[in-house]
Amino acid sequence: MKKMTEAGSLLEKAVSGRRLSLEEGVRIYRECDLLQLGRTADLIRRRIHPRKIVTFIIDRNINYTNVCVSKCKFCAFCREEDHPGAYVISKDVLYEKIEETLEAGGTAVMIQGGMHPGLGLDFFLDMLRSIKERYDIHIHSFSPPEVAHMAGLSGLPTGEVIKRLREAGLDSIPGGGAEILVDRVRRLVSPHKVSWQQWMEVMLEAHRQGMSTTATMMFGHVESVEERILHMIRVRDAQDQTGGFSAFIPWSFQPGNTSLGGRASTGVEYLKTLAVSRILLDNVKNIQASWVTQGAKLAQVALSFGANDFGSTMLEENVVRAAGVTYRVPLDEIIRSIRDAGFRPAQRTTLYKVVREF
Ligand code: SF4
């Protein structure tokens with residue numbers, strides 16, 4: 001009982017605007033119950049977002065290739081270069097997908113792929129320029145492991161690669177490939193991917209060059225509670241330096257068709273993790289609910305557990321689908337879910353500017 005009271009006082013501390021430490025974050029995760037955490041996260045969310053608006057974006061994921069040298073153990077999407085299902089997108093298909101996005105009222109594309117051994121920096125510079133020549137669309141693309149891969153293939157420093165991508169039309173960088181920002185975990189689930197410091201350095205460099213990025217967290221596999229919380233603290237520390245993270249997006253590992261296997265997180269674990277991220281990340285304004293991994297019903301509940309954003313309408317999504325999870329939520333259902341949860345739905349841009357309220 002005494003323990004609960006002490007952990008409860010940490011929640012009061014967070015509500016009053018004082019920052020919790022790594023150890024305090026672990027304690028509230030372990031010792032507070034779901035509804036205590038949810039109530040606290042909701043109070044903080046209301047302070048940061050006093051208007052009862054929940055945003056979403058109309059955009060599309062485009063995966064330019066499924067060939068990837070990284071072979072992460074949680075990935076059901078990647079293929080060997082000589083696999084019959086391996087592909088590299090053609091420009092015609094790319095343009096078609098962008099046109100469909102614009103026709104659906106979309107404002108952005110998130111272009112990501114595997115780390116193809118044969119696609120160098122010039123391929124991406126040409127892709128960016130050719131899109132910008134044709135379309136007025138925000139390009140939110142290439143997660144830090146891809147940027148680091150381009151740097152490795154080109155022999156250029158990461159900062160120079162980011163500069164060239166930006167000049168060619170890259171507008172912002174998605175937070176993919178973060179998984180858990182702790183190297184012990186990364187060695188187990190994605191041993192060929194960048195270290196957590198390299199991931200963060202790409203983001204900090206992008207921020208220094210004036211670009212906005214997001215931060216993600218894929219949890220619920222081999223990490224401990226301490227490592228999950230440490231991930232949040234590392235994002236918070238980086239945000240203190242640059243302020244460049246527009247949003248934090250936690251989602252749970254989907255084990256289907258992956259070599260890592262195991263079981264998916266429960267809804268309670270998802271909601272607790274989401275709430276704790278809102279409580280700890282006092283310098284990140286937007287926290288996203290993930291209907292892609294949790295379904296619209298739990299994402300709706302997440303709006304009372306600290307989330308203020310419903311993410312993307314995802315006109316196309318391939319990576320989570322490859323793991324056997326196929327939630328499909330049409331736009332009118334997203335709007336209905338937000339409204340039914342007591343909020344006003346609003347379409348936003350990648351940079352969280354509201355373009356239309358419903
Ligand atoms: S998760 Fe991404 S980086 Fe890892 S193997 Fe799959 S496509 Fe490659």
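The model is predicted: local features need pLDDT of at least 70, side-chain atom pairs count only at pLDDT 80 or more, and totals for chains, interfaces and linings use all residues. Residues are numbered from 1 along each chain as its sequence is written. Helices (H or I, at least four residues) and strands (E, at least two) are DSSP runs, numbered from the N terminus.

An open sheet of 4 strands has the order 9-1-10-11, with mixed pairing. Its edge strands, strand 9 (309–312) and strand 11 (354–357), each pair on one side only. From one strand to the next, the twist averages 25°. Two strands are taken to pair if DSSP finds at least two bridges between them. In general, the strands of a sheet pair through backbone hydrogen bonds, either parallel or antiparallel. Strand 10 (residues 344–348) and strand 11 run antiparallel and are joined by 3 bridges; Q347 has R356 of strand 11 as its bridge partner. Helix 14 (residues 331–340) lies across strand 1 (53–57), strand 9 and strand 10, and runs at about 135° to strand 10. For such angles, axes are lines fitted to C-alpha atoms, for helices over the stretch in contact, and the angles run from 0 to 180 degrees between N-to-C directions.

A further open sheet contains 3 strands in the order 2-3-4, and the pairing is parallel. Here the edge strands are strand 2 (59–63) and strand 4, each of which pairs on one side only. Strand 2 is joined to strand 3 by 5 bridges in the parallel sense, and N63 stands opposite Q112 of strand 3. Helix 4 (residues 91–103) lies across strand 2 and strand 3, at about 170° to strand 2.

The loop between helix 4 and strand 3 holds T107. This residue, T107, is buried because 20 other C-beta atoms lie within 10 Å. A residue is classed as buried if 20 or more other C-beta atoms lie within 10 Å of its own, exposed if 12 or fewer, and partly exposed in between, with C-beta atoms placed from the backbone. Beyond its neighbours within four places in sequence, T107 is in contact with I57, I58, D59, I137, H138, T349, T350 and V355; contact requires C-beta atoms, placed from the backbone, to lie within 7 Å. T107 and H138 are 31 residues apart along the chain, yet their C-alpha atoms are separated by 6.2 Å.

Parallel pairing also links strand 5 (172–173) and strand 6 through 2 bridges, with S172 opposite S212 of strand 6. Strand 6 (residues 212–219) is largely enclosed by the rest of the structure, because 7 of its 8 residues are buried. Strand 6 and strand 7 (residues 245–252) are parallel and share 7 bridges; M217 has P250 of strand 7 as its bridge partner. Together with helix 10 (residues 225–242), strand 6 and strand 7 make a right-handed β-α-β unit. A crossover is right-handed if, with the strands pointing away from the viewer, the path from the first strand over the helix to the second runs clockwise.

The buried residues of helix 6 are P144, P145, E146, V147, A148, H149 and M150. Their cover includes strand 3 (108–112), helix 5 (121–134), helix 7 (158–168) and helix 9. Helix 9 (residues 196–208) contains Q198, which is partly exposed because 16 other C-beta atoms lie within 10 Å. Q198 and T158 are 40 residues apart in sequence and 9.6 Å apart in space, C-alpha to C-alpha.

Backbone angles were also examined. Most residues other than glycine have a negative phi. F142, although not a glycine, has a positive phi of about 65°, and F142 counts as buried because it has 30 C-beta neighbours inside 10 Å. E179, in the loop between strand 5 and helix 8 (183–189), has a positive phi near 45°. E179 is likewise buried, with 26 other C-beta atoms within 10 Å. Just after helix 6, G155 takes a positive phi of about 75°.

The ligand is surrounded by C68, S70, K71, C72, C75, F77, C78, G114, M115, P145 and S190. A residue is near a molecule if its C-beta atom, placed from the backbone, lies within 6 Å of it. By class, this shell has 7 nonpolar, 3 polar and 1 charged residues, where Ala, Val, Leu, Ile, Met, Phe, Trp, Tyr, Cys and Pro count as nonpolar, Asp, Glu, Lys and Arg as charged, and the others, Gly among them, as polar.

Key. Two residues are in contact if their C-beta atoms, placed from the backbone, lie within 7 Å.
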